[in-house]
Amino acid sequence: MRATSLHPHPAAAATSILWSGGLPVYSLRLLPSPAFKPHGRRAMVVRAAVTMEKESKAQVALVRIGTRGRYAIFPLFLARFLIFFGVRSYFRVAVAVEDSPLALAQAFETRDKLMSTHPELAEEGAIDIVIIKTTGDKILNQPLADIGGKGLFTKEIDEALLEGKIDIAVHSMKDVPTYLPDGTILPCNLPREDVRDAFICLTANALSELPAGSIIGTASLRRQSQILYRYPSLKVVNFRGNVQTRLRKLNEGEVQATLLALAGLKRLNMTDKVTAILSIEDMLPAIAQGAIGIACRSNDDIMANYIASLNHNDTQFAVACERAFLETLDGSCRTPIAGYAHRDTDGYCVLRCLVSSPDGKRVLETSRKGLYALDDMVAMGKDAGEELLSRAGPSFFDW
């Protein structure tokens, strides 16, 4: 195996390519600041490895963070060209991950919080970010319900965690099934982002302004059912892909409008694309929307302590309440289910829940209010689920 350096001087020493059997193995090192500090304490370097075979490392990371993504093979000649002309930031993003920039942003948020909370993790090489390709990222031309549901975005990451290839796993909580694989725990939720959905359209300022027959693109049955409930003259089509892909398809005219989670747009600094923000009353969010969860192995006390130190109790309690509701319904990607728990101005938990038919013709809602305490909130979620199960009848969820 031979190494080819891509950096012309030490200040740019962030990227290298290893060659094995004639194939390039890209190793990426991300600098938190473009400034080079030749003297004093070494600047923190986080390495995000995109490999076609396992690369040996001179230094073992203390924490390896696993996140979603699809690998991108970057041409060597173009990499050299970009580095020569100083376009390093573009090269870093292009190599690190091709189609899950949001997942990468969430991993970086986790990394930054770990570094700021634990000084030993701010040392060079202490944290690696490992990109893991999931089934959900590979199959984009079918509805999630047709290829196995939400676990498709977490299965491979969970396997890597259990096999010891990574130490912690960063998930969007709305992608996490209500059960966790044996041998894993999820002791941390980061502070929740805005839970609302964003309406994005080039020709109208609101869903109500779209003419009959307009096509709305979304991969979410929850969004589909609530749109059709209020605007039955609109048409909703399956619309998968990352945020950038969906916006490109919108600009190319495949659909007239789309809905995206505002939380993701905020984390990607893309709120300038938003036409309007939908209220909770108009579009009830997905279970755990806007929340990030961090998992580790159940027998790894060191990692459990690291990530538990980042936990945000209010978010954890609200997510547990909503997931208790979802678990009671035994919800899947074939059933439109929505729920949102939050602390009101008096300090109480308010929970709103919804289940509906995919065509929006039948919608069942309920709500609860109680103490903002974990056990009370989990009980509220279960009780709300049992009520809607009873009202819906046994055949309601057979879509």
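Residues are numbered from 1 along each chain as its sequence is written, and side-chain values use heavy atoms, with hydrogens and water left out. Because the model is predicted, local features need pLDDT of at least 70 and side-chain atom pairs count only at pLDDT 80 or more, whereas totals for chains, interfaces and linings use all residues.

The protein has twelve helices and 17 strands; helices (H or I, at least four residues) and strands (E, at least two) are DSSP runs, numbered from the N terminus. Of the 399 residues in the protein, 53% are buried, where buried means under 20% relative accessible area, exposed over 50% and partly exposed in between (1.4 Å probe, protein chains only).

The largest nonpolar core contains 35 residues, and Phe325 and Val355 have the most contacts inside it. A nonpolar core is a set of buried Ala, Val, Leu, Ile, Met, Phe, Trp, Tyr and Cys residues joined through side-chain atoms within 4.5 Å. At least two residues of this core come from each of α6 (155-162), α11 (313-329), β15 (337-343), β16 (349-356) and α12 (374-392). Helix α11 gives the most, with seven residues. Beyond its neighbours within four places in sequence, Val355 is in contact with Phe325, Leu329, Pro336, Ile337, Arg362, Val363, Leu364, Leu388, Phe396 and Phe397. Another core, of 23 residues, lies apart from it and includes Val63, Ile65, Leu114 and Leu190.

Helix α3 (residues 101-117) has 17 residues and should span 24 Å at 1.5 Å a residue, which agrees with the 24 Å between its end C-alpha atoms; the expected span is 1.5 Å times one less than the number of residues. Its buried residues are Ala103, Leu104, Gln106, Ala107, Thr110, Arg111, Leu114 and Met115. The charged end of Arg111 sits over the ring of Phe108, 4.7 Å from its centre. Such an arrangement requires NZ of Lys or CZ of Arg within 6 Å of the ring centre and within 35 degrees of the ring normal. Arg343 likewise has its charged end over the ring of Tyr372, at 4.1 Å from the centre.

Thr315 belongs to helix α11 and is buried, with a relative accessible area of 4%. Its side chain reaches the backbone nitrogen of Arg192 at 3.0 Å. Leaving aside neighbours within four places in sequence, Thr315 is in contact with Asn189, Leu190, Pro191, Arg192 and Ala291.

Two loop residues were also examined. Asp344, in the loop between β15 and β16, is buried, with a relative accessible area of 16%. The side chain of Asp344 reaches the backbone nitrogen of Asp346 at 3.0 Å, and, neighbours within four places in sequence aside, Asp344 is in contact with Val350 and Lys369. Gly213 is found in the loop between β9 (197-201) and β10 (215-217) and counts as partly exposed because its relative accessibility is 47%. Gly213 touches Ser233, Leu234 and Lys235, not counting residues up to four places away in sequence. The C-alpha atoms of Gly213 and Lys235 are separated by 5.8 Å, although these residues are 22 apart along the chain.

Definitions and conventions:
Contact = heavy atoms within 4.5 Å. Polar contact = N/O pair within 3.5 Å; in protein donor to acceptor, adjacent residues only side chain to side chain.
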